[in-house]
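Biologist: I'd like to learn how to read salt bridges and cavities in a model. Could you walk me through them?

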Amino acid sequence: KPDPINNYAKTKFEGETEVLKNSKNFIIIRTNIFGFSKPLKGSISEWAIKSFIEKKKIKGFNDVFFNAIYTKHLAERIDILIDVNYEGIINVASLNSISKYNFLKYLSKNLGFSDKMVEESSVKEFNFNIPRPENTVLNITNAKKIFKILTVEDGIKELVVDYKKENLHA
């Protein structure tokens with residue numbers, strides 16, 4: 001059940017509410033993602049990659065969990081939802097949840113960097129100006145009925161292959 005804890009989340013929920021009130025044929029996809037763009041910007045994976053290349057240690061939260069999906073995999077799942085004429089709200093994410101700490105360690109290893117570049121920490125150690133949820137794991141029961149669900153690790157492995165193909169790896 002939606003429980004927005006900050007303005008960003010509230011505006012997303014308000015957008016969903018407007019779609020529900022004003023549309024009959026729609027797909028609302030709830031997700032959390034990771035990926036990269038050219039040039040690298042500020043997503044969790046891009047921030048980590050830049051830090052690894054610059055040999056900077058980073059902190060990964062051991063108490064924040066998500067089941068993010070690689071953006072390429074999300075795009076493939078959106079195509080499937082369109083092909084099957086899906087209507088309604090659906091959560092599209094990875095099969096398993098992972099802490100941000102373990103996500104960053106797995107990413108560093110798959111990129112060929114030492115996982116010691118990722119230091120374990122708690123979100124409670126940081127004073128963020130905006131409240132952040134510690135658990136954004138999505139229930140993917142409905143998605144499992146429509147398409148194959150991959151793991152976070154599958155997504156990271158494919159991200160690394162795609163990233164290296166783009167010759168962005170220093």
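Modeller: Gladly! Keep in mind that this is a predicted model.

Biologist: Which parts of the chain does the pair of Lys-124 and Asp-63 tie together?

Modeller: Lys-124 sits in the loop between strand E8 (118-121) and helix H5 (141-144), and Asp-63 in the loop between strand E3 (58-61) and strand E4 (65-66), so the pair ties together parts that are 61 residues apart in sequence.

Biologist: Is Lys-124 buried or exposed, and what about Asp-63?

Modeller: Buried means under 20% relative accessible area, and exposed means over 50%. Lys-124 has 58%, so this residue is exposed, while Asp-63 has 14% and is therefore buried. Both also belong to a network of salt bridges with Glu-134.

Biologist: How many salt bridges are there by this rule?

Modeller: The count is 12. One of them joins the side chains of Glu-16 and Arg-30 at 2.6 Å, N to O. Here Glu-16 belongs to helix H1 (residues 7-22) and Arg-30 to strand E1 (residues 27-30), 14 residues apart. Glu-16 is buried at 13%, whereas Arg-30 is partly exposed at 25%.

Biologist: And the cavities: how many of 30 Å³ or more does the structure hold?

Modeller: The structure holds 1. The largest cavity contains about 30 Å³ of space. Its lining includes Ile-69, His-73, Arg-77 and Phe-147, and the lining residues divide into 6 nonpolar, 1 polar and 2 charged.

Technical notes:
Residues numbered from 1 in each chain as written. Predicted model: local features only at pLDDT ≥ 70, side-chain atom pairs only at ≥ 80, totals over all residues. Heavy atoms only, no water. 1 Å grid on protein atoms, 1.4 Å probe; cavity = no way out; pocket = protein on both sides within 12 Å on 5 of 7 lines; lining within 4 Å. Points joined across faces, edges and corners; volume = space filled by probe spheres on them. Nonpolar A, V, L, I, M, F, W, Y, C, P; charged D, E, K, R; others polar. Salt bridge = Lys/Arg side-chain N within 4 Å of Asp/Glu carboxyl O. Helix = DSSP H or I, 4+ residues; strand = E, 2+ residues; numbered from the N terminus. Buried < 20%, exposed > 50% of the residue type's maximum accessible area, 1.4 Å probe, protein only.
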